[in-house]
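Thanks for coming. Please look at the model on the screen, and I will go through a few parts of it.

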Amino acid sequence: NTWGLWNSTARGAILSLILGIIVLLGVALLKRDRTALRRVAFPLAVVLGVLLVTVALSASGVDIGRGSILVAKTADMIQNPTAVGMRIGIWKTSWAMFREHPIGGVGLGHYKWHYLDAQRKSFDLFDDQTWQFTYWAHSEYIQWFCEMGLIGGLILVALLGWWFWIFCVRLAKDRERFDPPVAWACAMLFLVWFDALFSRPFHRIENILWVVLAFAVANRALLCDPSWAFLERLRSPRAMRALGGVFVAIALAGFVFLIDGMVGDKLLWSANQTNNARLQYERIERALAHPMMRDEAQEQLAYHYISVAKSTRSPEDLKRAAEQLYKSFLIRPQAKQLNDLLIYLQQLGDVEFLKKMLYYLKPDSYSFGAETKGASTSSGR
């Protein structure tokens, strides 16, 4: 596992692991628990030992695959700290997005669909901004502020600050609460929440499940306090049943929405399996009636029209395809769609339509009659 960690070259993950180990060591030292110290010392020795082997082999010229990349990336992190691993451009775009929607944000999960527009605005704010495209802010905190706005962001920060304050109070006054499972849970929370500064652990289900488990284990020990017994009196059986009923209704509605989406997804899948243009069109049209897959169906319909236009070589068919792709682009703007639209609009010679798309490129990066310079489909990070 340690060899895999170093070879992942994920500097944020490695720093997060170090922080988690520091928390475990700190709890053990404050409790003067020699058994816990031994438990932490052995895996720590393994982690550091494998790191030293990796660095030594790389320094001696031995090809160790991605281990050499880790050494190079670490050197780059020290020499170019302001680049933040190529994230600085993404964070500048995030700032432009937050400025446009400071209070309510762009909406949960909608960061990626506002990225290109925010990046265009960031060109006016930062002279050194580069063109790139990504679905993520590469910082859960920044993405949360962009999607939920100032109010949602402050709520998150307040909750984290409250939990951290309780952790420090318990560690100072009531260390016996930190038995091995609780110490592990706290270390896991520090690890993941620190990694969230540079990455997107909460967008991965396997990560967030560990966070839920760690909070459950830690909070049962840290938040249990006799002085909070008054909260029990606020619980009413009738209110609890009503709240439970709301949860059940939401879960059932979500389940129905999921099943409906699966039907739409199956239709889009089957549309891709046939070369019959009419049958493909009919299946995509049917998928449009399913809310979860409607946006995906809009995009697939555009590429269906493009395939038809390539077959017929008709300018009218290509124009219809471009209009449908533009309609899909306005719903879910992505670099691939932008690049395709620029190509097809140049073929059509539609200057007015083309000008609409040039808005999303870096100023002065494109001129009529030349190849597109700014519409690379590279994801950046």
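I start with helix α11, where Gly261, Gly264, Leu267, Leu268, Ser270 and Ala271 are buried. Buried means under 20% relative accessible area, exposed means over 50%, and partly exposed is in between, with a 1.4 Å probe and protein chains only. A helix here is a DSSP run of H or I with at least four residues, a strand is a run of E with at least two, and both are numbered from the N terminus.

Before I go on, some notes on the source. This is a predicted model, in which local features need pLDDT of at least 70, side-chain atom pairs count only at pLDDT 80 or more, and totals for chains, interfaces and linings use all residues. Residues are numbered from 1 along each chain as its sequence is written, and side-chain values use heavy atoms, with hydrogens and water left out.

Back to α11. What covers its buried residues? The cover includes α12, residues 277-287, and α13; contact here means heavy atoms within 4.5 Å. Helix α11 runs over residues 237-272, which is 36 residues. The expected span is 1.5 Å times one less than the number of residues. For α11 that gives 52 Å, and the end C-alpha atoms are 52 Å apart, so the two agree.

Next, salt bridges. How many does the structure hold? There are eight. A salt bridge is a side-chain nitrogen of Lys or Arg within 4 Å of a carboxyl oxygen of Asp or Glu.

One of them joins Asp124 and Arg120, with the closest N and O atoms 3.5 Å apart. Both residues lie in helix α6, four residues apart, or about one turn. An α-helix has 3.6 residues a turn, so residues three or four places apart point the same way. Asp124 counts as exposed because its relative accessibility is 58%, while Arg120, at 16%, counts as buried.

Asp340 and Lys336 form another salt bridge, at 3.0 Å from N to O. They are about one helical turn apart because they sit four residues from each other in helix α15, residues 335-348.

Asp174 is partly exposed, at 27%. Glu296, Glu299 and Arg332 are linked in a network of salt bridges.

Now two loop residues. Which loop holds His138? His138 is in the loop between α6, residues 115-125, and α7, residues 140-173. Its phi is near 55 degrees, a positive value in a residue other than glycine. Arg313 also has a positive phi, of about 55 degrees, and is not a glycine either. Arg313 is in the loop between α13, residues 294-312, and α14, residues 315-331. Are these residues buried or exposed? His138 is buried, at 9%, and Arg313 is exposed, at 76%.

Last, the surface. Ile103, Leu150, Ile151, Leu154, Ile155, Leu159, Trp162 and Trp165 make a nonpolar patch of about 840 Å². Patch residues have over 30% relative accessible area and no salt bridge; like charges are joined within 9 Å, and nonpolar side chains (Val, Leu, Ile, Met, Phe, Trp, Tyr) within 5 Å. Accessible areas come from the Shrake-Rupley method with a 1.4 Å probe, and for residues only the protein chains shown count as cover.
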